[in-house]
Every structure is written in C-alpha cells, then in structure tokens.
Amino acid sequence: MLSVSQSRLWQTVLGEIELSVSRASYKTWFSNTCLLELDDTRALIGVPNIFTKKQMEDRYHTLIKTVLGKNEAEVERLEFKIHELAAADATKLDDSVVTLQPDTNSRAGAGGSTAAPSTRRSQTKLNDQYCFDNFIVGASNELAYAAAQAVTKHPGQKYNPLFIYGGSGLGKTHLMQAVGNELSTSKQTKSVVYVTSEQFVVEFLDYIRYKKKGFADKYRSADVLIVDDIQFIAGKERTEEEFFHTFNALHQSDKQIILSSDQPPNSIPTLEDRLRSRFSGGMIVDVQAPDFETRCAILQAKASEHDILLDQETVEYFATQIQSNIRELEGSLNQVLAFCELKAITPTIDVVRSMIGNRPTQPKRLTSNQVVERTAKYFELDLDEITGPKRNRSIVVPRQIAMYLLRSELHMSFPKVANALGRKDHTTAIHSVEKIEKNIHLDQQMNQDVKQIKDLLYA
C-alpha cells in the first residue's frame, strides 16, 4: 500500500516529466500511469496496456529513473505492470456520450449504446464511429480537440462559430461529428444537422429549380449546424447569400455553428467578405499532420480494434513511412491486416515492408546549427543577432521559433535548446517552446512561418 507521500511523489515525477517531453508523448505514454509499489530497490509502475509497457521499457526507462532519483527516490530497477487502475483511467468515458447511426440496425460505438430511431434527434447522417473516445489527441490537434470539447459543454456560447481547418485526412470530420454525436443526446440541443457543403449546394439548387419546400426551415431551425468543407460554397453567389442568411439566423439565436475547411477563412479565394468576417468571428483552430508519437498511438488503437497486437518495431516502421495523412495511415494498416487475415499470418515488419515499401522520409541528420541558421535566414537576420542578447520583438519571436523547432524536430532537451540559442537558463527555452506551441494555433501568420521554415529545413 502506497503512503500519501509516495502517491504525491508520483504526481511530482509526472509533473517534471511533462516538462521534459512533448505534450503528445506525455499524453500518450504517461498521463494514465500510476505508482503501485516503491521501496529502496524497486519501483513498480502501473500502465494501461502492453504498448505503453513496451514504450516505457524501451524509451523512457532512464528518464523515469533519473527523475525519481532527483526526488529522493533512487531505486535499483524499474518494473512496469499492466494494471486495472491505469487501464481504467485510460478507458474512462463520459456517461453522457451516446453515439448515433442513421440506419435502424446500427450498433453502438465505443462506450455508447444503440439509440432507438424515435429517440434520435439528428436530422442527417452522423457516423457513430466518430466519437471523442477514439479520437487520438496529440500536439497537432490538441487545441482543436479542446475547443470541440468546450462547444459540447456550452453550445452556442463558448466558441461560435467554431472553424476547424487543415489538410485532407487529418481528422476534421471525425472531430466535428464527435461534437454532433455528443450534442445530439444532450438536453441542451434538440436538433443537430450535419451536412457537407456539396450537399448543401445540391439541396439549395433543388429548392430553386423545383420549388421544394422545407429547405430554409431545415437549416434555420437547427440547434447545431455542422458544415464540412465550407470552402466549396465560395464563388457560388446565390448559395453564399443563402448561407449568409442561415448563418445570421442561427447565430442571432445563439445556435451553435461548426465549420471545416482546408484553409482558414482569410485564405479561401472568392469567399464573400461578409462571410469571411463571420467565419472569423468565433474560434479558428487548425489540425496539422500528426507527429511520430501520435501516429504510433493511432496505429496501436486501430490495430487493437481488430484484436491485433503489433510489436513496437512494426508500429514505428509504419509511422515512419506514412507521415502526413491519418486516412492514408489507417488505409494502409487495414490493407496489411486484411492481407494477414487472408493468409492467416501475423503482421510483422517484414510483411509491412513488403506491402508498403520504403518511402522517402525526412532526413534524419538535420543539425541544431542548420535549424538556427535557416530560421535566421528566413527572417533575414544574422546568426549573431538570433543568438545574441538583443530582445527586440523582431528578434525575440524568430529566436523562440528556432527553439520550438529544435524541440519539435530534433527532440533536444531544454538545456541544449537554450544553449543552441546562446541562453544559459533552460527555463527560457521552456517558456519559448510553450509560447510558440500555443500561438501557432492562434496566429495564422506564425503558423505559416513555421510551416515554411520546416519546408526550408527539409528541402
């Protein structure tokens, strides 16, 4: 039985580890762990599943042991055990989530139950597989996830409209429909309407040509309107005008609006200024390509849905070969699993390699000097300016971005990041990285700057 002080010790250890690894790594591998036993020779740590156990043993063993030692808990060895306490934390669900399926023979999604057709309040199709429980959160999407969660708690009030943008296959639709599925069972909302912009355009044209009734009522009477790929209404004048009036009617009644696009409102060509202004009036968040840890977590989660256990070497090979698109990642995994099921063989790294081959990857020998130099060049600064003592904003922001890139691309420790930019105190690096991590989701210009510098680094 752990003492109170030993329980607090683990929280302290986790707090220090959180400052030493990326947010995605912490959430994926550490957030659902617990300390089970501790004595002078051994620490036994509970983990939720075999994937986490393997990762702890292979990658984070030394880090945990070091941090324990710093907190006067030096041990000779660490052991990791799959434990029900950690597993319960990892799979804990919100009781209010009930997922939907448009056909009457649907089954419940993860953590949900099948709702009878008469109790469903969604007017259009929502996929019950899209829920918050199976959405893998990482550094690339954590702000969008947090904003979506906030909308479910305060629809029409917190962020209205919520505008989510990013490339194809990065999880925008999953996140939007997760909101719709959750709100469709909420007492706060009676009608959730999900529609793609193409479907909206087709219905509007039918309304004009064939005088079909009910078009305006369907959308303007919704408590929650979710429109996917809104960029496709741009340039269609009458459709834009109709959507403008629909938007106003809902917004003025404090009804929640959620939109997605492949780019932020200010970058959508031919979009009317009055729509651009309204789309920008709430919360704008982006989802980016998932980082390595998030890709690994996605693969593990998807494989486990098929009751398949992939070894860590296979997972990491997969995640290295397919980097930019979650949809492609899942599709390739499904192909491999289907092949292995047909042949009655185990999915191994050799099978994966034979099916998806070796793809061009980003160079692994990028140096800290190259990151700093190319960041300085991008902002038209001299190297001695970005590493020097000056604190003008025109220099401080590029310096902070360089620190962020050293941390995110090279996974350098904070002391080494600080040293690379001529700083003695590593807390400066921690502050800089956290500031850029936050601001790239809020500042579109900074987001573009970071993306373009990355292109320079890997050109």
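Student: Which residue in S2 is the bridge partner of Leu 38?

Tutor: The bridge partner of Leu 38 is Ala 43 in S2, and please keep in mind throughout that this is a predicted model. As a general idea, strands of a sheet pair through backbone hydrogen bonds, either parallel or antiparallel. Here strand S1, residues 34–38, and strand S2, residues 42–47, pair in the antiparallel sense over 4 bridges, and the two strands form a hairpin with 3 residues between them.

Student: How many of the residues of S1 are buried?

Tutor: The general point to carry along is that in a regular strand the side chains alternate between the two faces of the sheet. In this model S1 is mostly covered, with 4 of its 5 residues buried. Cys 34 counts as buried because its relative accessibility is 14%, which is under the 20% cut-off.

Student: How many disulfides does the structure hold?

Tutor: A disulfide is a covalent bond between the sulfur atoms of two cysteines. The structure holds 0 disulfides. Cys 131 is a buried cysteine, with a relative accessible area of 2%.

Student: What is the order of the strands in the sheet of 5 strands, and is the pairing parallel or antiparallel?

Tutor: That open sheet has the order S5-S6-S7-S4-S8, and its pairing is parallel. At its edges stand strand S5, residues 192–196, and strand S8, residues 283–286, each with a single partner strand, so each has one side left without a neighbour in the sheet. The twist averages 15 degrees from one strand to the next. For a detailed look at one pair, take S5 and strand S6, residues 224–228, which run parallel and are joined by 5 bridges; Tyr 194, for example, has Ile 226 in S6 as its bridge partner.

Student: At what angle do the axes of H15 and H17 cross?

Tutor: Two packed helices are described by the angle between their axes and the distance between the axes. For helix H15, residues 368–378, and helix H17, residues 393–410, the axes come within 9 Å and cross at roughly 145 degrees, and the crossing is right-handed. Ser 368, Val 371, Val 372 and Thr 375 of H15 meet residues of H17 including Pro 398, Ile 401 and Leu 405.

Student: Where does Asn 325 lie, and is Asn 325 buried or exposed?

Tutor: Asn 325 lies in the loop between helix H12, residues 312–321, and helix H13, residues 326–343. Asn 325 is buried because its relative accessible area is 18%, under the cut-off of 20%. Leaving aside residues up to four places away in sequence, Asn 325 touches Ser 168, Gly 169 and Leu 170. Asn 325 and Gly 171 are 154 residues apart in sequence, with a C-alpha to C-alpha distance of 9.1 Å in space.

Key
Residues are numbered from 1 along each chain as its sequence is written. This is a predicted model: local features need pLDDT of at least 70, side-chain atom pairs count only at pLDDT 80 or more; totals for chains, interfaces and linings use all residues. Side-chain values use heavy atoms; hydrogens and water are left out. Buried means under 20% relative accessible area, exposed over 50%, partly exposed in between (1.4 Å probe, protein chains only). Contact means heavy atoms within 4.5 Å. Two strands pair if DSSP finds at least two bridges between them. A disulfide is a pair of cysteine sulfur atoms within 2.5 Å. Axes are lines fitted to C-alpha atoms, for helices over the stretch in contact, and angles run from 0 to 180 degrees between N-to-C directions. A crossing is left-handed if the near helix is turned anticlockwise from the far one by less than a right angle, and right-handed if clockwise.
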